[in-house]
Amino acid sequence: MTFQNEILGYPVVVAADALPIARRAIRARGVPFVVLHDAQPEIAAIARSLARGSQATIAFDLGERRKRLATVERVLDALAQAGAERSTLVVGVGGGVASDLFGLASALYMRGVAFLHVATSLVAMADAAIGGKTAVDLTAGKNLAGVFRDPIGVFAHVNALRTLPLRSVREGLAEILKVAIVGGGDLFEALEELAAHEFSRWPWPSIVAASAGIKASIVARDRLESGERALLNLGHTFGHAYERASGYAITHGAGVALGLRAAGLLALRLGRFSEREHLRVLALLALLKMPLYTSVPARAFLAAAAHDKKRRNGVPRFVLPNAIGDVAYGIEASRKDVLAVATLMQRAPGARG
Ligand SMILES: NC(=O)c1ccc[n+]([C@@H]2O[C@H](COP(=O)([O-])OP(=O)(O)OC[C@H]3O[C@@H](n4cnc5c(N)ncnc54)[C@H](O)[C@@H]3O)[C@@H](O)[C@H]2O)c1
Ligand SMILES: [Zn+2]
């Protein structure tokens, strides 16, 4: 089954085997192309299968720590060395680190060349490769240097998930869960039904397509994140603070999962969310074996939250659920309420599990 949406003005294709479709799209451009890919062996194999007719196929050792300007420079030098020109198409292959890095490099090379991404990780398929945000990290924080620039197409090669490490699957799942709470409806219910089953039995193309579709329609209404796109930060204000306070021992996905529970708790406290809906989210988080508690002390959480880049006048604004499928952004909360939530998030000393 192949899913395709054009909500953003470029094709977002989701298919078990998306490679023939990506190949056709590359050929249809009728221009020279360069393939840039994460050197991870399974990704390299995918890149090779797209390489026929390319000017060059170039591997980069990536990973979260290499999502830096220094790597962007290496990519730019490699493009120049390969003889890439203004009309050259850059084909990226890999996860979210690859789409951020190669997307940014394509935006910079000769002031911008066309970019198409073949997504191999769940994070890239459901989130990172869609919406035109690209960035690298600075010493001061993550994703602080980047641009908005749309790709000419995104191809989610779902069969690649078979070799994706389980921890990376969970990273993507946390984002899908977030999108499901924002979008509500069928996707949330599908996850409730699937949660008890092994990942190998999930209908991943339809889950990825549903999630990508919700993200694309939100982005389409607010490309530059001046308003509604903030909904996609559900769980992230809390999540980023937990990541930071833990010295990044808490992964982004685990931070988002914690953040989804915390946002529910804060919304409950502010009288915006019902106990019943909150319990549905908690049940789903628990069935998917996502963390619900953290050892990060409430005070350390607050100190980390003060760094949030989305804060205005020093006070972070929150994205909070009113209901599953009805989420609001720009919500202020008092320090007292946030502290109370952070305390509920803290696992009692000596608690097990
Ligand atoms: N621009 C955006 O809108 C946006 C949104 C969400 C996340 N991101 C970024 O995405 C990044 C995280 O993405 P990620 O989790 O995909 O990280 P990643 O690209 O580093 O991939 C995770 C790991 O899985 C490996 N991998 C990827 N596909 C594989 C496959 N099919 N088989 C085997 N191994 C595979 C990679 O080599 C890597 O080791 C973060 O840097 C984050 O900031 C960006
Ligand atoms: Zn995220």
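**Cavities and ligand sites**

Reply: Helix α4 supplies the largest share of the lining of the largest cavity, 5 residues. Helices (H or I, at least four residues) and strands (E, at least two) are DSSP runs, numbered from the N terminus. This is a predicted model, where local features need pLDDT of at least 70, side-chain atom pairs count only at pLDDT 80 or more, and totals for chains, interfaces and linings use all residues. Residues are numbered from 1 along each chain as its sequence is written, chains are lettered from A and ligands numbered from 1 in the order in which they are written, and side-chain values use heavy atoms, with hydrogens and water left out.

Me: How many cavities of 30 Å³ or more are there?
Reply: The structure has 2. A cavity is a set of points, on a 1 Å grid over the protein atoms alone, where a 1.4 Å probe fits but cannot get out; lining residues have an atom within 4 Å of a point. Points are joined across faces, edges and corners, and a volume is the space filled by probe spheres set on them.

Me: And what lines the largest cavity?
Reply: The lining has 15 residues, with Gly103, Phe115, Thr134, Arg149 and Pro151 nearest the centre. Two or more residues each come from α4, β6 (115-119) and β7 (133-138). The space is about 110 Å³.

Me: Which residues line the second largest cavity?
Reply: Ile181, Leu234, Leu260, Gly264, Phe273, Val281 and Pro321. By class that is 6 nonpolar, 1 polar and no charged; Ala, Val, Leu, Ile, Met, Phe, Trp, Tyr, Cys and Pro count as nonpolar, Asp, Glu, Lys and Arg as charged, and the others, Gly among them, as polar. The volume is about 40 Å³.

Me: Switching to ligand 1. Which residues come nearest?
Reply: Glu64, Gly96, Asp100, Ser121 and Thr163, out of 23 around ligand 1. Near means a heavy atom within 4 Å.

Me: What does Gly96 do there?
Reply: A backbone N or O atom of Gly96 sits 2.7 Å from an oxygen atom of ligand 1. Thr120 places a polar side-chain atom 2.8 Å from a ligand 1 nitrogen atom.

Me: Last one, the zinc ion. Which residues coordinate it?
Reply: Glu175 (OE), His236 (NE2) and His252 (NE2) coordinate the zinc ion (ligand 2), at 2.0 to 2.1 Å. Donors are N, O and S atoms within 2.8 Å of the metal (3.2 Å for Na, K and Ca), and sites may look incomplete because water is not among the atoms.

Me: What does the histidine pair tie together?
Reply: His236 is in helix α9 (residues 236-245) and His252 in helix α10 (residues 252-269), so the pair ties together parts 16 residues apart in sequence.

Key:
Polar contact = N/O pair within 3.5 Å; in protein donor to acceptor, adjacent residues only side chain to side chain. 1 Å grid on protein atoms, 1.4 Å probe; cavity = no way out; pocket = protein on both sides within 12 Å on 5 of 7 lines; lining within 4 Å.
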